[in-house]
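Here are my notes for a colleague who is opening this model for the first time. Please read them with the structure on screen.

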Amino acid sequence: MSIIKISDDALARAGGADAIAAAFAKKGHEVHRTSSWGMQWLEPLVEIDGKGFGPATLVDVDAILDGSSDKAIGVIADHPFIKGQQRLTFARAGKTRPLSLEDYEATGGWSGLRRARQIGPEQIVAEVLESGLRGRGGAGFPTGIKWKTVLGAQVGQKYIVCNADEGDSATFADRMVMEGDPFALIEGMAIAGEAVGATQGYIYCRSEYPDAIRKLNAALKLCAGIIAPFTCEVRVGAGAYVCGEETSLLNSLEGKRGEVRAKPPLPALEGFMGRPTVVNNVLSLAAVPHILMEGGAKAYADYGMGRSKGTMPVQLAGNIKHGGLYEVAFGISLDELVNDIGGGTASGRPVKAVQVGGPLGAYIHPDQFDIPFDYEAFAAADALIGHAGITVFDDTADMGSMARFAMEFCAAESCGKCTPCRIGSVRGTEILDRIRAGRDSGVARERDRLELAPQMHNTTKNVARSVEEEITLLADLCETMKFGSLCALGGFTPYPVTSALRHWPEDFTDNTEAVAKALDAAK
Amino acid sequence: MSTLELKIGEIIAEHRTKEGPLLPILHDVQHEFGCVDAEAEKIIAAGLNLSRAEVHGVVSFYHDFKPAADPRPVVQVCRAEACKARGIEAIIGDAEKAAGERVKIETVYCLGLCSAGPAARTGDDLHIRLDSQSITRLVEEA
């Protein structure tokens, strides 16, 4: 009897994969719980002899077994969604059992670490530099340079910290690595330890990922002997979005409030407990074992475009027909990702906007869908790749409320250390409320008691602000937040706000000309 | 010694040799008692040689730590961008209606199930592709 593969990824499990797996087992079949292929609209996906059936439910079990199921999608590896990808970090996705050392070893596991131990620190750093790997967490800082800095620091104890606080909406690639291929992440960390001379690692995982935490802990137990003398521990976050920022994460790890630290000093020199620390995202570290294989660095650098080398695990999410994980070389256009691969919206309505890079990423209009996926190209278009999550919205989305949500989210999650973020986000919410209230009621807001006070020299006393004045004020506030905030939370919140304003002014006010005028004047 | 002191003492002893032991301790205390209240903060502060203000500062910073226990069952509903794009705002009213005073509906930002939202979490169980009916059922069964 053939082996049946069903993912034990959190998304598949949320879709009922456990019950389906149990049903197959009850019928006497051997069931392997593997990682997920990443075709999430088909989860729970049942695989028999390479052929897939999904999204499966309990009633489909008999039909799948006798070959009459209408959920058949054919050979999974030949599916266009899988075939078009260049899977390096996710090479094992869908194929191996996450906690099987045997499966990991059989698919090239630990060979990067073994080779790293032979070639020594300088050569490891040189190869990571050669690969062109840039931090996958969002900032895109070259990983090799970070490692070189830590290697050069002449201090005893050093640390490897894995940032697994994947808080951005529309991102789940870190979760899929931790749940689907935990040994790859651990191997990447052990290699980093080898490279910089660190023997202790920490994985800071958010508390919203119970499955990932459980699997990482189990994986660490299983491979403790292999990675020794390197040791690693999982630490669990406590629901603070800002702890995804590296210095805030370090404070949290030390048991403090997750407040952002001013840089310098760089964490590479004074990080966890004031010691030199490598802080890397899950995807950056999970890419390392592949790079460290014989010839891996060059092979990695051959993918991509410009200064964006290698592949990016893109996450297609929100209102999209074919949502999931799509690892591909840099350079692919948004149009291909959203319309060709993603199949447009799940609701079948026209695409209105996509947000790339999580809550802090710009809203991109379909007119701009020709932008190639590349750090520099996105920056030039006033947008960011971030962690490469793409949220698709259909034409029912109200961009005014999304812009307000961006400010509201920033206010809720601000660590409170710097003023532009802490106060600016609250004021931003208020301005957006005023602009939008003016549209609905047609009446401008009355001045409040505070604004009428004689001490408030810069408020107009007699008439309420016009839409144009409100937008000018908002643009000015965004400018202050962008350049005055300590970290990306306050600094990037203006991106979704101003991009929504610029492209969809009609969702804010009837006086759309005033918006364009005020935004241009502010530029 | 009260049972609270004994139990928290055990938790502190388990973690105290760690580098940065406070968060693991707070997680365990939250898990054990459903909250980290002023009394617990006092015991933890004494155990780690910190001031109560320092401990309170940390407890109040993080959403996961509650100042008082809430006996109601909790349904965490994601209301971040991706779930908004998939229509959580249209059905959150149904969840709140079904919850009434009996169930606590908590907003979370992202459960990492962003292509299959609206998503929710009860305990360690996750739920995807929720609609008006299924979210109502989820809350009623919580």
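1. Burial in chain B. Buried means under 20% relative accessible area, exposed means over 50%, and partly exposed is in between, with a 1.4 Å probe and protein chains only. By that rule, buried residues make up 51% of the 142 residues in chain B. The C-alpha trace of chain B spans about 50 × 30 × 25 Å along its principal axes.

2. Ground rules. This is a predicted model, in which local features need pLDDT of at least 70 and side-chain atom pairs count only at pLDDT 80 or more, while totals for chains, interfaces and linings use all residues. Residues are numbered from 1 along each chain as its sequence is written, chains are lettered from A and ligands numbered from 1 in the order in which they are written, and side-chain values use heavy atoms, with hydrogens and water left out.

3. Layout of chain B. Helices (H or I, at least four residues) and strands (E, at least two) are DSSP runs, numbered from the N terminus. Chain B has seven helices and four strands. Their order from the N terminus is α-α-α-α-β-α-α-β-β-β-α. Contact means heavy atoms within 4.5 Å. Of the contacts in chain B with a separation of 6 or more, 65% involve residues 24 or more positions apart.

4. One residue of chain B in detail. Glu96(B) is in helix H6 (residues 88–99) of chain B. Its relative accessibility is 42%, so Glu96(B) counts as partly exposed. What does Glu96(B) touch, not counting residues up to four places away in sequence? Glu96(B) touches Arg79(B) and Ile105(B). Ile135(B) is 39 residues from Glu96(B) along the chain, and their C-alpha atoms are separated by 9.7 Å.

5. Aromatic pairs. Rings of Phe, Tyr and Trp (its six-membered ring) pair if their centres lie within 6.5 Å; planes under 30 degrees apart count as stacked, over 60 as edge-to-face and the rest as tilted. The whole structure has 18 aromatic pairs over all chains. Why is the pair of Trp41(A) and Phe81(A) edge-to-face? Their ring centres are 5.0 Å apart and their planes are at 70 degrees, so the pair is edge-to-face. Trp41(A) lies in the loop between strand E2 (31–34) and strand E3 (46–48) of chain A, and Phe81(A) lies in helix H4 (residues 80–83) of chain A, so the pair ties together parts that are 40 residues apart in sequence. Trp41(A) and Phe81(A) are both buried.

6. Phe492(A) is partly exposed, at 31% relative accessible area. Tyr495(A), at 15%, counts as buried. Tyr241(A), Phe405(A), Phe409(A) and Tyr109(B) form one aromatic cluster.

7. Charges over rings. A charge sits over a ring if NZ of Lys or CZ of Arg is within 6 Å of the ring centre and within 35 degrees of the ring normal. Lys84(B) lies over the face of Phe405(A), 4.2 Å from the ring centre. The charged end of Arg206(A) sits over the ring of Tyr209(A), 4.9 Å from its centre.

8. Helix packing in chain A. Axes are lines fitted to C-alpha atoms, for helices over the stretch in contact, and angles run from 0 to 180 degrees between N-to-C directions. Helix H9 (residues 182–196) and helix H10 (residues 210–227) of chain A pack at about 45 degrees, with axes 10 Å apart. Residues of H9(A) in this contact include Phe183(A) and Ile186(A), and those of H10(A) include Leu216(A) and Cys223(A).

9. Backbone points to check. Most residues other than glycine have a negative phi, and most peptide bonds are trans. A cis peptide bond joins Ala228(A) and Pro229(A), with omega about 10 degrees. Pro229(A) is in the loop between H10 and strand E8 (231–236) of chain A. The bond from Lys263(A) to Pro264(A) is also cis, with omega near -5 degrees. Arg129(B) is not a glycine, yet has a positive phi of about 50 degrees. Arg129(B) lies in the loop between strand E4 (125–127) and helix H7 (132–141) of chain B.
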